[in-house]
Amino acid sequence: MQLAVGEFQPLTDGRQGSGDDRDVEHHDERQWELLAAAQKQPRAGSAALRRAHALRNILIKAFTGVSMINSGAASAAGGAMSPTLWADLRRFVAQAQAHAELAPADHAYELAWPLTARLDALLWPIALSALELLTSPQLIRVKKCAGCPWVFLDQSKNLSRRWCAMDDCGTHEKIRRYVSRRVAKKQSERRS
Ligand SMILES: [Zn+2]
């Protein structure tokens, strides 16, 4: 499922899905539906927003921790998930399962959530997706971007990707390096 990767920009490949306009339209439509629903029930709207921020903070802590272990910047002892952090995520996971329906899909079933039921329902597939990633061998592919604080899932064959999005951070970093190389070259020319 890996919605944590698809829905959460900090974990996404900037190029993935960007060419699919239907997806973008679908997201816009959902966004408007949610906004309209939140305006009708402002209290539930603010509560859902607080929960969304809480889940975002949990995911940032968890996957930044994982990326630091993966890069060797932090010790793997104890892992990235402290018991408190897991307890925080588990609350979302438990809610997700408690509200899930079983929908037929191809030759199996998949979990589905009636998104109109509650304003924070869109957080549930993200929480389950985060759990799926945390318990998958793919976890080794979680990396921190070399150009910004985001983390991403490196799906390159030899784990060589360094930036969250090549046409954003990758370009900035390359320009920065090019400029500093030019400056260094000019300075050494002046000295000689
Ligand atoms: Zn980046």
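Because the structure is predicted, local features are reported where pLDDT is at least 70 and side-chain atom pairs count only at pLDDT 80 or more, whereas totals for chains, interfaces and linings use all residues. Residues are numbered from 1 along each chain as its sequence is written.

The chain contains six helices and four strands, where helices (H or I, at least four residues) and strands (E, at least two) are DSSP runs numbered from the N terminus. Read from the N terminus, these elements follow the order α-α-α-α-β-β-α-β-β-α. Of the 192 residues, 22% count as buried, a residue being buried if 20 or more other C-beta atoms, placed from the backbone, lie within 10 Å of its own. Among the contacts with a separation of 6 or more, 60% come from residues 24 or more positions apart, two residues being in contact if their C-beta atoms, placed from the backbone, lie within 7 Å.

Helix 3 (residues 42-71) and helix 5 (residues 123-134) have axes that come within 11 Å and cross at roughly 10°; axes are lines fitted to C-alpha atoms, for helices over the stretch in contact, and angles run from 0 to 180 degrees between N-to-C directions. Helix 3 and helix 5 are therefore roughly parallel to each other, a description that applies to angles under 35 degrees. In this pair, Arg 51, Ala 52, Leu 55, Leu 59 and Ala 62 of helix 3 meet Leu 123, Ile 126, Ala 127, Ala 130 and Leu 134 of helix 5. By class, this contact of helix 3 with helix 5 comprises nine nonpolar, no polar and one charged residues, where Ala, Val, Leu, Ile, Met, Phe, Trp, Tyr, Cys and Pro count as nonpolar, Asp, Glu, Lys and Arg as charged, and the others, Gly among them, as polar.

Helix 5 also packs with helix 4 (residues 83-99), at an angle of about 120° and with the axes 8 Å apart. Residues making the contact include Phe 92 and Val 93 of helix 4 and Trp 124 and Leu 128 of helix 5. This contact of helix 4 with helix 5 has 11 nonpolar, two polar and no charged residues.

Strand 1 (residues 101-105) and strand 2 (residues 108-112) run antiparallel and are joined by five bridges, at least two DSSP bridges being needed for two strands to pair. Pro 104 stands opposite Tyr 109 in strand 2. The hairpin of strand 1 and strand 2 has two residues between the strands, and Asp 106 takes a positive phi near 45° there.

How values were computed:
Parallel < 35°, antiparallel > 145°, perpendicular 65-115°, else oblique. Buried ≥ 20, exposed ≤ 12 C-beta atoms within 10 Å, placed from the backbone.
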